[in-house]
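Subject: Structure for you to look at

Hello,

Here is the structure I promised. Please open it before you read on.

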Amino acid sequence: MASNEEILTGLAEIVNEETGLAPESVEMDKSFTDDLDIDSISMMTIVVNAEEKFGVRIPDEEVKNLKTVGDAVNFISGAQA
Amino acid sequence: MPRKVVITGLGATTPIGGDVPTMWANALRGVSGARTIEADWVAKYELPVTFAAQVSTPASEVLTRVEAKRMDPSTQFAVVAAREAWRDSGIEELDKDRLAVAFATGIGGVWTLLDAWDTLREKGPRRVLPMTVPMLMPNGPAAAVSLDLGARAGAHTPVSACASGTEAVHQGLELIRSGKADVVVCGGAEAAIHPMPIAAFASMHALSRRNDEPELASRPYDTGRDGFVMGEGAGALVIEAEEHALARGARIYAELAGTSVTADAYHITAPDPEGLGATRALKAALFDARAQATDVVHVNAHATSTPVGDKPEYVALKTALGSHVDQVAVSATKSQTGHLLGASGAVEAVMTVLALRDRTAPLTINLDNQDPDIPLDVVTAPRELPSGDIVALSNSFGFGGHNAVIVLRSI
């Protein structure tokens with residue numbers, strides 16, 4: 001089980017790989033769409049890569065609720081529990 | 001009189017150079033881009049052909065990692081070549097509603113398609129990337145170039161196998177003549193050096209099997225030719241209405257004087273042995289350019305190095321140009337680049353423009369014993385072209401019986 005800190009670091013790596021955004025710009029309170037300018041296609045790629053990295057399942061209907069990086073970290077953390 | 005169209009920008013990424021200056025220097029020197037393929041899949045699938053002409057500069061060295069991730073290799077090559085052509089044109093201000101794209105491919109995003117199929121079978125549907133469709137679609141290169149340059153007067157993708165790149169130049173000319181655009185970025189891209197297309201082309205005995213001597217394998221017009229060599233890359237040209245180019249003080253390379261596209265309606269893969277469709281294309285293109293056969297001094301031939309393909313082109317040239325064919329310097333540059341399929345016509349158009357600019361024809365390598373049935377004047381050593389107003393042709397033919405010819409005139 002990964003800590004929230006580790007999940008954030010891993011998620012930042014995935015976001016960087018997909019979008020080129022600096023990992024340190026991926027912070028808990030950032031909105032994927034408004035702050036990080038991540039479109040829906042990139043978001044789906046990030047979600048699928050996060051599923052593989054953290055060994056969790058993020059249902060499609062849940063993705064629309066993941067508005068901020070913190071939402072995603074908390075969801076992954078909860079799903080791992 | 002139709003609008004006069006000129007060429008003001010050139011770009012290329014090829015097996016003999018990752019940009020136009022490098023490619024052209026090599027084309028005049030005579031080098032082979034063919035090498036043994038360093039990939040584990042050659043042995044894994046026991047491919048009967050183990051070599052190809054891969055791009056000399058990987059697109060990953062030119063594009064950012066994130067750009068490359070969202071593009072099939074064919075689109076990567078298109079964007080690399082189109083950006084070079086655009087920079088070369090020097091265009092700074094333009095109403096992008098008047099800028100169109102005509103960018104061809106023969107095969108499309110075959111790497112993306114087959115990678116996604118592997119992923120589906122090995123990992124299931126959820127792992128198939130959401131960018132798969134825009135990456136595999138054949139209009140991907142044209143769309144990416146349009147997006148990259150902001151071209152809004154339409155993005156077109158002519159698909160006619162190995163005639164595609166030349167047909168894209170033809171379409172570009174039509175777009176400007178018809179008034180739909182003032183500037184067109186046209187070209188072709190191909191990235192099909194993948195085990196499946198290699199197996200498929202090998203299965204129809206289209207590929208050379210000179211596995212021990214890749215550099216000698218592409219040998220158009222030579223009696224020892226045994227098939228073409230798969231190439232990859234892209235070529236791009238910025239073409240422009242003459243009045244538009246003059247108004248902005250552009251450097252003009254040559255006039256795109258005329259084009260023609262015909263169909264054989266003879267056989268799905270075999271060329272018409274009498275070259276009737278190719279002859280009609282040649283004659284129509286010269287007519288379109290208001291040029292006489294006797295104006296022609298140079299031809300960049302399709303000449304892929306297959307036993308059956310090279311001769312019908314000669315027959316067509318002889319029929320269309322008459323006895324003047326003996327006065328024409330013929331270059332078979334696929335001897336150096338390999339066959340870039342849907343990109344070949346665009347790369348060869350770039351070379352033909354440069355031949356007119358420098359009044360020098362590029363070399364044909366590996367011609368040791370010229371086929372006596374093809375008595376063309378083949379350029380095997382540096383050859384100066386005449387001064388004065390001269391005309392050059394570039395031919396492309398494709399499976400499906402597609403014939404495409406462009407006519408270029410010196411400035």
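Below is what was found in it.

The model is predicted, so to speak of local features needs pLDDT of at least 70, and side-chain atom pairs count only at pLDDT 80 or more, while totals for chains, interfaces and linings use all residues. Residues are numbered from 1 along each chain as its sequence is written, and chains are lettered from A and ligands numbered from 1 in the order in which they are written.

Chain B as a whole

Chain B has 15 helices and 15 strands. Both are DSSP runs: helices are H or I with at least four residues, strands are E with at least two, and numbering starts at the N terminus. The C-alpha trace spans about 60 × 55 × 40 Å along the principal axes of chain B. Of its 411 residues, 58% count as buried. Buried means that 20 or more other C-beta atoms, placed from the backbone, lie within 10 Å of the residue's own.

One residue

Look at P197(B). It sits in helix α9 (residues 195–203) of chain B. Is P197(B) buried or exposed? P197(B) is buried, because 20 other C-beta atoms lie within 10 Å. Beyond neighbours within four places in sequence, P197(B) contacts I107(B), V110(B) and A192(B). Contact means C-beta atoms, placed from the backbone, within 7 Å. P197(B) and I107(B) are 90 residues apart along the chain, yet their C-alpha atoms are separated by 9.2 Å.

Where the chains meet

Here 6 residues of chain A contact 8 residues of chain B. Helix α2 (residues 40–54) gives the most to chain A's side, with 4 residues.

Best wishes

Conventions: Two residues are in contact if their C-beta atoms, placed from the backbone, lie within 7 Å. A residue is buried if 20 or more other C-beta atoms lie within 10 Å of its own, exposed if 12 or fewer, and partly exposed in between; C-beta atoms are placed from the backbone.
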